[in-house]
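Please read this report alongside the sequence and the 3D structure. The headings take up one topic at a time.

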Amino acid sequence: MEYQMQRESCAVCETVFEGTKEQPIDLDFTLPDYCPDIERILKCRVTPSLTSRNLSADMLELDGSVLMSLYYLDAKKQAIRLCEHTMPFSCSFSWKTGAEEAAALVRLRTEYLNCRALSPRRVDIHGAVSAIVTVCARNEQEYFSRIEGEDIQQSRRSAAVSRLCGIGQQQFSLTEVLDIGAGKGHPESILRSDLSVRCDSVKAMSDKLMVGGEAVLRMLYVTDLETGAQDTMTFHIPFSQVLDVRGVSDSTTNEVLLEVMNYDTTLKSEFDENSTLVTLDARLCATVLASEETNVEWVEDAYSTEYELSLTKKPCRFIQSLTVLKEEFSAKSEVNTGENGITKIIDLWCDSVSSICVAENEQMTVRGKVNCCMLALDGEGVPYYLERPVDFSVAPEVLQSMTHPTVKAEVKAENLSFRITGDDRVEIKAELCLTGTAYMESSWKGITAAEGLDDRCRRKDKAAALTLYYADEGERLWDIACAYCTSVEAVKLENDLTEDVMTAAGMILIPM
């Protein structure tokens with residue numbers, strides 16, 4: 001006979017796809033007429049971005065472009081020049097499992113790059129960029145909380161888990177007109193720009209999320225096209241956006257991931273030589289995962305007092321606890337700039353940040369490196385390019401109270417500053433922010449089916465109402481009750497026991 005099972009479910013966030021596709025870069029191009037000849041290449045920088053992303057139940061389609069920025073010295077060796085080239089790309093990812101409620105996390109990364117000047121006006125570039133994709137979807141994790149049957153004895157366990165309430169993804173635009181101001185150099189052209197975003201506040205309403213944050217635009221621009229003189233500017237741009245995410249409420253824990261898909265900066269001086277205005281047009285993407293704590297109870301073991309049982313089990317996994325991480329910290333490092341020395345830093349920026357979470361000295365620690373890039377003047381006043389890493393380590397307090405957590409976090413460089421400490425020494429300070437989630441995962445095998453074997457009845461000793469049994473210390477009452485075809489509750493009641501295991505060896509009475 002097959003017993004009826006009481007079926008339950010709990011929504012979880014499941015990774016349905018992970019994949020990477022590489023886009024090769026093979027270019028051989030000639031500088032435009034308005035660019036001076038190349039004396040020496042300083043840096044070739046590759047910046048991939050997305051123009052569109054379309055997610056369906058079983059496919060993700062990406063379209064984007066790769067901007068190659070070639071920084072070089074002109075023949076006079078006194079000015080940093082820029083030549084840019086854009087290459088489009090597109091790729092798609094597919095998976096077999098349909099995902100109706102899903103979000104795609106996309107990270108673009110430069111794999112490698114080789115650049116060389118074939119002549120003063122001809123450049124050869126080879127490299128590759130990758131699109132790294134993770135697709136998360138809502139999945140109803142089934143479990144069974146009870147077996148129906150008067151002869152069934154069952155052992156149930158319960159745990160607090162994080163139930164996924166909502167998952168959503170939304171794109172939105174950020175457009176601003178910014179003023180460099182009269183106190184700075186007049187802009188003629190932009191040499192380099194970076195845009196970063198962060199989430200500062202989250203306010204939940206029914207099925208809506210008000211997200212507040214800040215976008216930071218950093219620019220290096222030319223103030224004199226003849227001499228190549230430069231200046232820098234940083235803009236802090238607050239923004240707010242209402243996101244529609246079904247299932248979000250003021251009782252949910254909401255994780256918000258913000259990413260810059262693409263952006264464009266335009267100088268108004270291109271149309272008005274007296275203007276100090278800059279137009280920013282950016283496309284952002286927000287991913288929201290909303291969860292709340294709930295309790296699940298499942299059958300982990302069972303037996304029948306009448307028949308031998310055939311049990312079917314399967315593994316179940318839940319996130320047991322979820323914590324949103326946000327930790328601001330700083331790291332310093334003194335770096336050697338080389339034998340040519342340094343007299344001035346023209347520009348300093350972060351190219352990439354790598355990090356890993358490890359257990360060190362009985363602490364959960366996130367450590368990694370910030371790759372710092374600088375354009376500077378050497379001891380003779382000639383511009384040059386330099387890269388140096390700054391190591392960091394942080395042990396967020398919230399992680400120390402968690403047992404073997406899984407950490408999914410990202411470290412971003414909020415700001416870089418410097419101090420020249422010698423002819424060939426620079427101290428770099430990085431202001432960093434760690435964001436993400438930490439969680440503990442619970443895993444167990446739960447019963448999914450129970451079948452009583454009608455031809456294998458269990459034998460009971462009905463000659464006496466009670467049986468004497470000598471139990472060992474630590475022996476489970478469950479095993480004793482199962483062996484004698486009775487219940488744990490009956491054994492406890494007969495012997496005035498409160499624990500599920502024997503706290504000391506001794507004789508107990510087994511009701512038959």
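Predicted model: local features only at pLDDT ≥ 70, side-chain atom pairs only at ≥ 80, totals over all residues.

## Charges

## Overall build

Three helices and 20 strands make up the secondary structure of the protein chain. The radius of gyration is 32 Å, while the globule rule gives 24 Å for 512 residues, so the chain is more spread out than a compact globule. Along the principal axes, the C-alpha atoms fill a box of roughly 110 × 45 × 45 Å.

Of the 512 residues in the protein chain, 45% are buried. The chain exposes about 26000 Å², and carbon and sulfur atoms supply 43% of that area. Take the contacts between residues at least 6 apart in sequence: 77% of them join residues at least 24 apart.

Nonpolar side chains tend to be buried together in soluble globular proteins. In this model the largest nonpolar core has 35 residues, and I25, L62 and F93 have the most contacts inside it. Six strands each supply at least two residues of this core: β1 (5-30), β2 (40-55), β3 (59-73), β4 (80-94), β5 (102-119) and β6 (122-147). The strand that gives the most to this core is β6, with seven residues.

What does F93 touch, leaving aside its neighbours within four places in sequence? Its contacts are F17, G19, T20, K21, D58, M59, L60, L62, A131 and V133. Another core, of 32 residues, lies apart from the largest one; L195, V197, L209 and L267 are among its members.

T337 sits in the loop between β13 (307-336) and β14 (344-360). Is T337 buried or exposed? Its relative accessibility is 5%, so T337 counts as buried. When residues up to four places away in sequence are not counted, T337 touches I342, Y384, L386, R388, D423, D424, R425 and V426.

One of the residues that T337 touches is L386, which lies in strand β16 (residues 383-394). L386 has a relative accessibility of 10% and therefore counts as buried too. Leaving aside neighbours within four places in sequence, L386 is in contact with N336, T337, C372, C373 and M374. L386 and E39 are 347 residues apart along the chain, and their C-alpha atoms are separated by 17 Å.

## Two residues with positive phi

C485 is not a glycine, although its phi is positive, at about 55°. Where is C485 found? C485 is in the loop between α2 (477-483) and α3 (488-495). The relative accessible area of C485 is 9%, which means that C485 is buried, as the cut-off for buried is under 20%.

D496 is also a residue other than glycine with a positive phi, near 55°. D496 is found in the loop between α3 and β20 (506-511). Is D496 buried or exposed? With a relative accessible area of 71%, D496 is exposed, because the cut-off for exposed is over 50%.

Technical notes: Residues numbered from 1 in each chain as written. Heavy atoms only, no water. Helix = DSSP H or I, 4+ residues; strand = E, 2+ residues; numbered from the N terminus. Rg over C-alpha atoms; globule rule 2.2 N^0.38 Å. Buried < 20%, exposed > 50% of the residue type's maximum accessible area, 1.4 Å probe, protein only. Contact = heavy atoms within 4.5 Å. Areas by Shrake-Rupley, 256 points an atom, 1.4 Å probe, with all protein chains shown as cover. Core = buried A, V, L, I, M, F, W, Y, C linked by side-chain atoms within 4.5 Å.
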